[in-house]
Amino acid sequence: MDKQSRSKLGINTRLAHGGYDPTDYHGFVNPPVVHASTVLFPDAQTMATGNQPYTYATHGTPTTDALCRAIDELEGSAGTLLVPSGLLAVTLPLLAFLSPGDHLLMVDSCYGNTHYFCNTTLKRLGVEVEYYDPLIGAGIEKLIKPNTKVVFTESPGSNTFEMQDIPAIAEKAHAAGAVVMMDNTWATPIHFKALDYGVDISIHAVTKYPSGHADILMGTVSANEKHFKTLEQTYTALGLCVSGDDAYQVLRGLRTMGLRMERHAENALAIAEWLEKQDGVLEVLHPALPSHAGHEIYKRDFTGGGGVFSIVIEGGKAQAHAFLDALEIFGLGYSWGGFASLAVHVRLNDRQITGKNYAGTVIRLQIGLEDKEDLIADIAKGLAAARAA
Ligand SMILES: *Cc1c(COP(=O)(O)O)cnc(C)c1O
């Protein structure tokens with residue numbers, strides 16, 4: 001079946017078949033894992049013109065291409081690039097589109113290491129970085145200057161889960177000629193097709209749900225027709241690429257991502273609803289809850305959610321540590337999107353606008369694929385320990 005007819009099918013059908021046609025490789029259901037640097041040419045003339053599908057493995061192999069095409073089909077993008085981490089998927093487009101003297105509008109609730117890159121490398125390169133309130137919506141217009149080149153979004157925000165009005169922001173940014181980028185890791189292209197909502201460049205830490213097993217680091221950057229070339233130039237100039245083994249594993253993860261996300265989301269929502277009723281829990285920061293300030297935008301734009309959200313519990317660092325130390329099933333560790341549940345005490349000291357006014361301390365939970373009754377019992381132990389601390 002071709003890509004065009006596949007685009008009309010349901011999401012799980014597309015996840016199962018996207019990116020690769022078994023008839024391209026002797027009928028094998030999965031693509032070959034190509035280990036390569038050198039590619040041979042049949043003659044000097046072909047070598048001189050580079051007129052064959054593959055020329056050198058930094059520019060792609062059948063394995064990396066299968067993953068890129070699968071992501072393009074999900075995103076509706078003109079092209080996708082694979083990079084060695086989710087953080088690089090954030091920094092590459094910023095490097096590709098920003099020059100000294102340009103102004104960047106960066107959402108304040110962005111991923112923590114995005115703050116670090118902006119405050120160090122981009123400042124050193126003479127880029128003017130301005131953080132904005134994630135709830136700004138069309139009000140972004142007032143912050144746009146003649147030198148605003150990029151408006152960067154992330155929705156929901158890392159750790160605090162503010163929902164952004166992406167179409168309203170994209171409209172104002174485009175009217176001023178700025179490029180709109182979005183770190184879309186939380187929803188994945190299953191639940192938010194960013195390019196359909198005005199985003200030019202959609203970014204994913206595929207380390208998270210697409211990989212799904214806490215064993216791969218990778219990022220993807222997908223762009224529309226207008227912006228792909230500029231992005232690809234910087235990618236090629238920097239010599240970025242990923243290994244065939246890793247690309248194969250992420251494609252393998254995509255095949256089951258729909259099912260996994262359904263369970264992550266279902267577990268997470270049930271646990272979030274339970275948490276709203278517990279003593280010592282001041283707030284549950286999950287956009288799928290009707291009580292969340294961004295719930296209307298979530299319902300309007302997203303078809304579902306993920307399994308990571310935060311809670312605000314009474315107290316400070318002592319209570320947070322008591323909560324974490326009482327957990328037995330949840331691991332204490334960074335990242336999310338894998339099969340196992342994780343918890344982390346959130347620090348918001350890199351924020352300039354958001355996250356200042358919580359009445360307690362913030363803990364992020366990644367809800368894994370375990371049985372939710374066991375997870376609830378584990379969290380109950382944590383809450384009891386925090387109340388006793
Ligand atoms: C995890 C994460 C990243 C970085 O991904 P790595 O692969 O860990 O570098 C970027 N953005 C968001 C929103 C993330 O959650």
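Before we start, one convention: Ala, Val, Leu, Ile, Met, Phe, Trp, Tyr, Cys and Pro count as nonpolar, Asp, Glu, Lys and Arg as charged, and the others, Gly among them, as polar. Also, this is a predicted model.

Ligand first. The shell around the ligand splits into five nonpolar, five polar and three charged residues. In total, 13 residues surround the ligand. The closest are Gly86, Leu87, Asp183, Thr207 and Lys208.

Asp183 uses its side chain, with a polar atom 2.6 Å from a nitrogen atom of the ligand. Thr207 also contributes its side chain, where an N or O atom is 2.6 Å from an oxygen atom of the ligand. How much of the ligand does the protein bury? Taken alone, the ligand exposes 380 Å², and the protein buries 90% of that. As for the site, the ligand takes up the space of the largest pocket.

The volume of the largest cavity is about 40 Å³.

What lines the largest cavity? Arg14, Leu15, Gly18, Ala70, Glu73, Leu74, Leu254 and Arg255. By class, that lining has four nonpolar residues, one polar and three charged. Three helices, α2 (11-17), α4 (62-75) and α10 (244-275), each supply at least two of the lining residues. The largest share comes from α4, with three residues.

Terms used. Residues are numbered from 1 along each chain as its sequence is written. This is a predicted model: local features need pLDDT of at least 70, side-chain atom pairs count only at pLDDT 80 or more; totals for chains, interfaces and linings use all residues. Side-chain values use heavy atoms; hydrogens and water are left out. A residue is near a molecule or strand if one of its heavy atoms lies within 4 Å of it. A polar contact is a pair of N or O atoms within 3.5 Å; within protein, one must be able to donate a hydrogen and the other to accept it, and residues adjacent in sequence count only if both atoms are side-chain atoms. Accessible areas come from the Shrake-Rupley method with a 1.4 Å probe; for residues, only the protein chains shown count as cover. On a 1 Å grid over the protein atoms alone, a cavity is a set of points where a 1.4 Å probe fits but cannot get out, and a pocket is an open set with protein on both sides within 12 Å along at least five of seven lines; lining residues have an atom within 4 Å of a point. A molecule sits in a cavity or pocket if more than half of its atoms lie within 2 Å of its grid points. Grid points are joined across faces, edges and corners, and a volume is the space filled by probe spheres set on the points. Helices (H or I, at least four residues) and strands (E, at least two) are DSSP runs, numbered from the N terminus.
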